[in-house]
Amino acid sequence: MTWVSFAQAVLLSLTVAGLYAAIAAGLTLTVGVTRIINFAHGEFVMLGAFLTYWLFTRFGLSPWIGMLISGLVIGLFSAVVYRSFLARVLKHDEHNQLLATLGLSILLLNIAIILWSPDPRVMQAPQLLPALELSGVTIPGNNLVVAAVGGLLFLFLQFVMRHTRYGTQMRFASDDAELAQHCGINVDRVFELSFVIGGFAAGVSGGLVALLLYVHPAVGLDLVIRAFAIITLGGLGNIPGALIGAAILALAEGLTSTFVPNGGSFGFGIAFLLLLFVLLVRPNGLFGRQVQ
Amino acid sequence: MMGLSGRLLTYIAVAVSFVAVAMSGNGFFIQAALGIAISAILALSWDILSRTGQVSLGQSAFFGIGAYGSGILTPVIGAVFGWIVGILLCAVAAILIGLVTLRLRRLYFTIATLSFGLSMQVLIVMTPRITGGSTGIMPPVIMGASPSAQLMLITGFLIVSAIVSDIFLGDRFRPAFFMIRNNPALAASSGVPVVKTKILAFAVSGMIAGIAGACYAGLYGYVIPEDVFTPNWSVLPLAVSILGGMDTTLGPILGAVVLRVLEEVARHFVGGAGYQVVYGAVIIVFIIILPKGLVGGLTQLFRKRTRKAAPVAPAEAAS
């Protein structure tokens with residue numbers, strides 16, 4: 001193991017962390033506000049990936065614009081899903097909420113398989129940024145794009161939550177929905193907004209998926225399971241926690257697959273062994289608050 | 001709640017219909033019934049655990065341990081002991097997992113349990129000497145590979161699981177279980193041994209899921225980690241129980257039948273890839289229309305009927 005190969009593995013892992021963070025940040029925002037685990041978040045990402053892919057292959061639209069359009073479309077789609085379906089299960093028991101989003105995830109995944117076949121596609125996008133070369137370490141341009149967009153998305157979500165009126169309302173509704181309602185906040189609208197923002201993040205992440213990975217119907221499922229581990233690592237609802245969780249997971253995965261023989265086949269295992277150890281010591285994740 | 005005679009009738013009805021399928025000798029129906037029985041057993045195991053408020057997505061861990069345990073041990077110490085030890089192994093794993101997740105709250109618990117099945121998969125891949133790694137193992141097929149004999153045996157296991165489920169719905173355990181689900185602090189201060197009861201539920205649930213896994217391994221004679229530790233085996237019992245009706249014994253069995261029928265219909269129309277679309281659609285429709293499941297919905301309907309039929313019996317009902 002040389003210094004260069006180690007640095008290469010670390011830097012590449014950190015760019016993958018940008019993708020993980022983009023997906024996990026949207027998910028943790030929705031979970032934090034509504035206390036619903038949205039299993040369909042992965043399918044939102046998958047739809048975003050397909051949209052960016054088509055915009056590029058059919059209309060030659062640059063993935064920069066493609067991922068923005070995907071974000072907006074998936075954000076709108078989330079609003080439709082919330083109004084038509086999820087709003088009705090908010091009052092149900094926890095297991096019914098869980099099953100509701102699981103059902104939605106299974107439905108979207110299989111519709112995608114029926115309509116578009118399970119075959120993986122490659123976008124063959126041009127490198128959007130020039131590759132970065134630093135004393136023997138090369139980072140491909142699209143990995144830079146992923147890291148940059150992931151970082152921007154994180155800053156955007158953090159800004160919305162911390163420095164806007166809607167962010168304050170969302171945090172209030174998440175702390176105590178009933179009290180927020182009495183104070184004149186439209187909690188239903190706030191929950192919907194959190195789904196729309198989560199959906200926007202998922203759509204943009206879908207664009208990143210199209211740049212970095214294969215586009216196929218099951219791509220979201222793989223990523224959302226990792227995102228669950230990440231947001232639990234960081235503490236549910238904690239956006240900076242999701243960023244750190246994403247970095248930890250991406251590094252752990254990248255380093256094992258590079259330096260442990262046969263380490264690439266461990267898959268989710270790494271994520272979850274990590275998670276188990278953290279939850280043993282800190283039942284609310286690394287940066288989580290006590291929740292009831 | 002059903003009385004003893006009602007429960008016996010349920011067991012007999014279930015046993016008779018499964019045995020009738022076994023006797024019919026129709027290959028298609030027997031295979032379908034085998035699938036139904038396995039998902040019903042797995043769903044009962046999930047339901048027992050959920051009655052203490054532990055909403056798990058980790059049944060695949062026990063399903064897989066049961067499949068691997070019985071499959072590896074049967075050639076070494078014989079089928080009977082192999083299965084017994086394999087299922088005890090599930091109990092041990094369940095107790096460990098139960099202890100680890102004891103402090104976790106709601107969503108944290110659910111995600112942690114989801115992680116067990118996936119972590120088990122890695123454990124298997126990392127220990128190829130014992131478990132065959134990613135190439136899997138070939139456990140001996142049970143009952144001389146005769147489908148109708150297999151169905152009879154698995155029906156027996158299903159009835160046993162149903163009886164266990166009813167024991168936990170009986171007077172001895174029911175109040176403690178539901179009190180822990182609704183208010184753990186109140187349960188503890190009322191003298192319910194919360195930790196012990198939760199762990200008991202986990203151990204029993206793990207063993208029953210292990211039986212389902214052992215049956216699966218014994219039926220198909222081929223087990224690979226991706227097959228038995230997939231999250232599908234964790235989602236299936238959840239879907240089946242909620243469709244059929246939670247906190248009942250009949251619910252998971254009924255749910256397994258309904259889901260299988262719908263699956264076959266979808267397979268006919270959609271074909272091999274993507275037939276699971278029906279799972280998603282059914283789940284969503286049921287959650288909106290029948291949140292209490294088939295059994296809950298039927299009970300409500302039945303109550304309305306009897307109330308309309310006998311409007312002047314308030315004194316009797318109150319006494």
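Guide: Let's begin with a term: two residues touch, or are in contact, if their C-beta atoms, placed from the backbone, lie within 7 Å. Please keep in mind that this is a predicted model, where local features need pLDDT of at least 70, side-chain atom pairs count only at pLDDT 80 or more, and totals for chains, interfaces and linings use all residues. Residues are numbered from 1 along each chain as its sequence is written, while chains are lettered from A and ligands numbered from 1 in the order in which they are written.

Our spot is B:Val278, which touches B:Leu262, B:Glu263 and B:Ala266, leaving aside residues up to four places away in sequence. B:Val278 sits in helix α14 (residues 277-289) of chain B; helices here are DSSP runs of H or I with at least four residues, strands are E runs of at least two, and both are numbered from the N terminus. With 22 other C-beta atoms within 10 Å, B:Val278 is buried. That word calls for 20 or more such atoms within 10 Å of the residue's own C-beta, against 12 or fewer for exposed and partly exposed in between, with C-beta atoms placed from the backbone. From B:Val278 to B:Val265 is 13 residues in sequence and 8.9 Å in space, C-alpha to C-alpha.

Elsewhere in chain B, 16 of the 19 residues of α3(B) are buried, so this helix is largely enclosed by the rest of the structure. Just after α3(B), B:Gly78 has a positive phi of about 90°.

Now for where the two chains meet: 38 residues of chain A and 37 residues of chain B make up the contact. On the side of chain A that touches chain B, α3 (63-89), α4 (94-116), α9 (219-234) and α11 (268-281) each supply at least two residues. The most come from α4(A), with 15 residues.

Turning to chain A itself, we find 11 helices and 2 strands, in the order α-α-α-α-β-β-α-α-α-α-α-α-α from the N terminus. Its C-alpha trace spans about 60 × 50 × 35 Å along the principal axes, and 52% of its 292 residues count as buried. Of the contacts in chain A with a separation of 6 or more, 77% join residues 24 or more positions apart. A:Ala24, for example, touches A:Ala227, A:Ile230, A:Ile231, A:Ala242, A:Gly245 and A:Ala246, again without residues up to four places away in sequence.
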